[in-house]
Amino acid sequence: MCIRQLSYNLHSTMRNCYQFVSYSRLTNLLWTLLIVVLCNCSPKFGCPLEEYEALLKLKSSLLHYNNSSLSTWGRGRDCCLWERVSCNNSTQQVSKLMLSSLLEYDQLQDWRLNFSIFSSFHELQQLNLSYNQIAGSLSQIDMSELRKLEILDLGYNRLTGNIPLSFKNLSSLSVLHLEENLLNGTLNVEGNNLRSHIHMFYSLVVNISHLDSLPLKTLYLTAISGLRKLKILDLFYNRLSGTILLSLRNLSSLSVLNLGANMLMGTLDMEDISGFRKLELLDLSLNDLTGSIPLSFKNLSSLNILNLEGNMLDDALNGEGLLGLHKLRLLNLGENHLIGGISIALGNLSSLNFLYLFQNNLTGSVPSQVLSRLQNLRELDLSDNQLNGSLPLSLQKLVSLQNLYLSSNNMKGNIPPRIFESLVSLGSLDLSGNLFDGHFSFSSFRNLSMLEFINLSGNEELFIHLDSGKFVPSFQLRYLILSHCNLDANPLTTPALLASQYRLRVLDLSHGDLRGNFPQWLFKNLTRLKVLNLRNNSIMGTFQLPKHPNMSIYALDLSMNLLSGPIPTDIGTTFPHMASLNMSSNYLTGNIPSLLGNMSDLSHLDLSNNFLYGEVPNRLMIDCTELHALKLSNNNLHGKIFGTNYGHASLSCISLDGNKFTGTLPSNLSEYLQLEILDVHDLTYLSLEGNHFHGPIPDHLCNLTMLQVLDLSRNNLSGSLPHCFQSSKLAYVKFAGNSLTVTIPNSYLNISHLAALDVSNNQLSGKLPRPIGGQISLEILILSENSLEGPIPTELCKLQSLHILDLSRNNLSGSIPSCIGKMHFRKPNSALTDSPYGEIFVYPSPGEFLDALAEVYIYEIIVVDLISKGNLYAYRTDHLVLMSAMDLSANKLTGNIPPDIGNLDELVQLNLSHNQLTGPIPETFSKLNQIESFDISHNQLSGVIPWQLTQLQFLEVFSVAYNYLSGCTPDFKYQFATFNMSSYEGNMGLHGLPLEKSCTSDSSPTMPAKVEENQDDSSVEDDYITHRILSLNFLLLFFFFFFFFLYKK
C-alpha cells in the first residue's frame, strides 16, 4: 500500500511536472506568436524619432503666425498617422509631406522657413510647400541630402535668388515647381540628372510628367546644352529674350521643346537644326518672332505639333518649309500677320488633324486642292482673315471634320447644301460675319447627328429657313446663334425646330425683326437654356414668367423691344440663378421689384431707358452681393441710392443719370473700393425743370482707387476741384455744367491714365494748367466756357496724344504757340476704343462655351458737348475717336496764325473765330486733308484767301467772315460751290462768287490802310470799333427791309 501510494504520488508528481512543462512551452509559444503578429501588424514606435522631432519643429515655426493648421501633429508618437504625412509601409519612414497652403491669404507675413529641418527625412520622395508665402533666398537652401526626392513643389511663394548648385545632387528629381516666385539670376545645372520639365501639358500627344513654370529674369542655356539625355525642355512663360535656339542644338534627344510666352524676337530661322530630328513638339507661341516659316523646318521629320500662334510673322505663308513634316498632326499659325493666299503646299500635310490660321491677313479664296488632300482634318479654323470667294465644295471630302470655323471673312455666294451631307462628324459650324447670300435651309443638317454648335449670324443677305420641309432633325443643338439674320418665319411663333432642341443652352435671335408677344413656350420646352438673347426685336406685351422656378437661366437680354407693363414682382424667385438681366430700352413701368434681391448670383443689371419710378429697393443693394454693374439711367427713380448703413464692395459700374435722385453726394462712396465707373450726371430731384445734386465734390472720391470714369456733370455742384486725383486710375473725368470755382489743378494734366477731361461750363478762373510729365496719355481736353485767362502755355504741346482740344469761350490772351503745329491731333487707337460698350453678350470661342456662357459688359460712355460745324453736338466718347478737333474761339488771342497748324493733316475741325488774330491766312492750310469744319471768322485777318484751299475735299463748313480780307474768293467749284455769302460777309475787299461783286482779271487785293508807325493803339482800336458799328448798322438795315417786305406780303 505504501509502495503503491508512493508510486501513485510519484506518478502524479511526474504528471504534474509534465503538464507544467507542457503548459509553459505552450505559453511561450503563444507569446512568441503574439509578438510576431504584433511586429507584423503595427509599428514598434511609429516613425523614427529624428523625423518625429523634425515635424514638431516645423509645426512650432507656424505657431508664430497664430496658425491653427496641422492640428493632429503631436497627437501620439506615430507621426505616420498625422495629417498631410505619408510613410513608407515597410520602413515606416516619411515619404511624402503635402504641406501646401498652410498660411491663409489674409496672413500677410512672410514665412521664414528653416529648410535644414528636411535633412532628417532620408526617404522623402515628395515635398509640397506651395502657396505658403515662404520668403528668403533659394540659393542658400541646401537640400543635397534628399537624394530620393522625386517631386519638389515650391511654387507660389516669395523665394528670391537663383537655382542653387546643390540641386545637382537631387539625382532622383523629376518634377520641380518654382512658378510664381521672385527668382532671378542664372540656372546652374551640371550633369544630366535634373530633368527640366516645366509647365506643359499637351493632351494631343501624351500625358507628360513635367515641371511647372520657372520664372527667371536671366537664363543662361550653356549649362543646359550639356544635358544630352534631356527629352523634354519646357520654359513656357518666362522672360527669355534674344535668339537662344542655337544654344540648344546639342540636345539631340530632345522630343519636346516649349519656349512659348517669352520675349523672343527676330526671324524664325534655325541655321543648324540637324540636332532636332527627334523633336515631336515645338512650341514658340506668344513671342515676337517675325518673318515666315524657314525652309530648315522641313528637316523636323518627327514633328507632330508645331505651335507658332501669337507672334508677328508678317511674310507670306510659306508652305515649302513644311514639306518634310509628314507626321505633323497640329499646325497653329493663328494670331500673326501672315499675308497672301493659303499655300498649296499645305496639301502635302496629309496627317494633319488640326489646322489653325485664324486672325491673320490672308486673302484670296480657300484652295480646293488643299482641302481635298487633308482628309484626316478634324478641326479647321480660318476665321478673322480677309478670305473671299465661295464656300469650296471640296469641304465635303473632309469626312472626319468635327469643327469648322470660317467666321469674319469676306466669303460670299450661296452655301451649297450638299457640302454637309458627308460631314457626319461635324459638331461645330461657324460661318458668321461673312457675305453669304441666297437661301439656306436647316434641312441640310438633317444627317448631322453630332451637330451641337451653329453660328450663322451677321450674313445679312442670307435667308435662313429653319423648318423647311418640316424635317425631323437628328441633332440636338446646344448653341444656336442667328443674330442679324433673315429668318423665313418667326421662330418664336412657329417653333417646330426650336421646340425640339431640348438640350439648347444658348439661343441668340437678336437683331432679327421678330414680332409678337413674348413666347411662353421657350422656358417650358427649353429647360436647359442658360443664355437667351432677344435684343433689338419688336417683342411686345408684358413679360410673363413661367409657372415654375427656372434654375438654369443664367443671362437674359430682352433690351430694345416693345415690352410694357411692370416687371413681374416674383422675377427673382423664378430665376434665382440669374447672373445678367438686361431689360433696357423698353416701355416698362412701375417699381423695381424688391425680390430681385433673391438673385444672389446677379452680376449685371440694366433697366435703363424705361419708365420705372419709385426708389431703388434696399434688397437689391444688400442681398445681391455679386452685383458688378448697375445701370438704371433715364427713368423716373428718386430717393437715395446709397444708404448710410451698408456698402457694396463688388460694384464696379454704376450709371444713374437721367433720374430724380436728390441731395448731396453720399459720404460713404469710399466704401465702394472696386468702383470703376460712377456716372451720376443729370441727377435731379422732383422737379420738371431739372434740379441737381448740390454741394461740393467730396474729397473721399479719391479713395476710390479703382475709379476709371467719373461723370458728375450738369448738377449744381460748387466749390473747387478735388486736388487728390493725381495717383488715381481715372481715365474719364467730366464735371461740366456745374458751378465749380477757383483754378484747375496742374495735377489733372498729369494723371497717368487720364484720357478725357471735361470741366467746361463752370466758373473756373486762373491760368491754364501746365502738364509736367513726359508720358501723358490725355486725348480729350475740354475747358470751354469758363473764365480762364493768360496765355496758352507751350507745355500744352507735350500732350502728343491729344486729338480734341477745346479752350473756347474763355479770356485767354497772347499768341497761339507755334508748337501746336507739331502735335499730331490724330484719331487714335486708344483706351477710348477699348471700352467694351455695345452688345451685352460677348460670345467666347466655341471651345470656351462650356465654361463661359456669356460675358456681360454694361459700361456708360461719357458724353462730351462740342461745337462742330457751327452747331452744338453731344458726342459719346466712342464716337469721339473718329473726331479730331481744335477750338480756340471766343478768346482774346492775338498775333498771326502759326503756319505749322497746316501740318495737322488729320484735323477734322478747326475753329479760331472771335479772336483778335492778324496777318494772312497761311497757305499751309491746304494740307489739312481731313478738315470738315474751318472757321476763322471775326478776327482781323488780312490779305487774300489762298486758292489752294479748294483742294480740301471734305470741307463742309467754311467761314472767313468779318475780317479784312481782299481779292478774289476761291474758285466756285468742288466743295466751295456749296458755300453761300455768309462764309465771306464782312470783308469789304472780297470779290467773286457767291458775293455780288464779280471778280475780274484786274481785281487786286485791297489792303487796309497801313497804320503809321506813330499811330497809337487807340487809333487802331477806334478803326476796329468803327468797322463793327458799320457792320451792325448794315445788319439792322437788312433785317428792317426783310421784315418790312415780309409784313407787306
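C624 is buried, with a relative accessible area of 0%; buried denotes under 20% relative accessible area, exposed over 50%, and partly exposed in between (1.4 Å probe, protein chains only). C485 likewise counts as buried, at 4% relative accessibility. The model is predicted, so that local features need pLDDT of at least 70 and side-chain atom pairs count only at pLDDT 80 or more, while totals for chains, interfaces and linings use all residues. Residues are numbered from 1 along each chain as its sequence is written, and side-chain values use heavy atoms, with hydrogens and water left out.

Four disulfides (pairs of cysteine sulfur atoms within 2.5 Å) were found in a search of the whole structure. In one of these, the sulfur atoms of C80 and C87 lie 2.1 Å apart; both residues are buried, and the link is left-handed, with -95° about the S-S bond. The disulfide of C797 and C819 has a sulfur separation of 1.9 Å and is right-handed, at 65° about the S-S bond. C968 is joined to C999 with an S to S distance of 1.5 Å. C968 counts as partly exposed at 27% relative accessibility, as does C999 at 32%.
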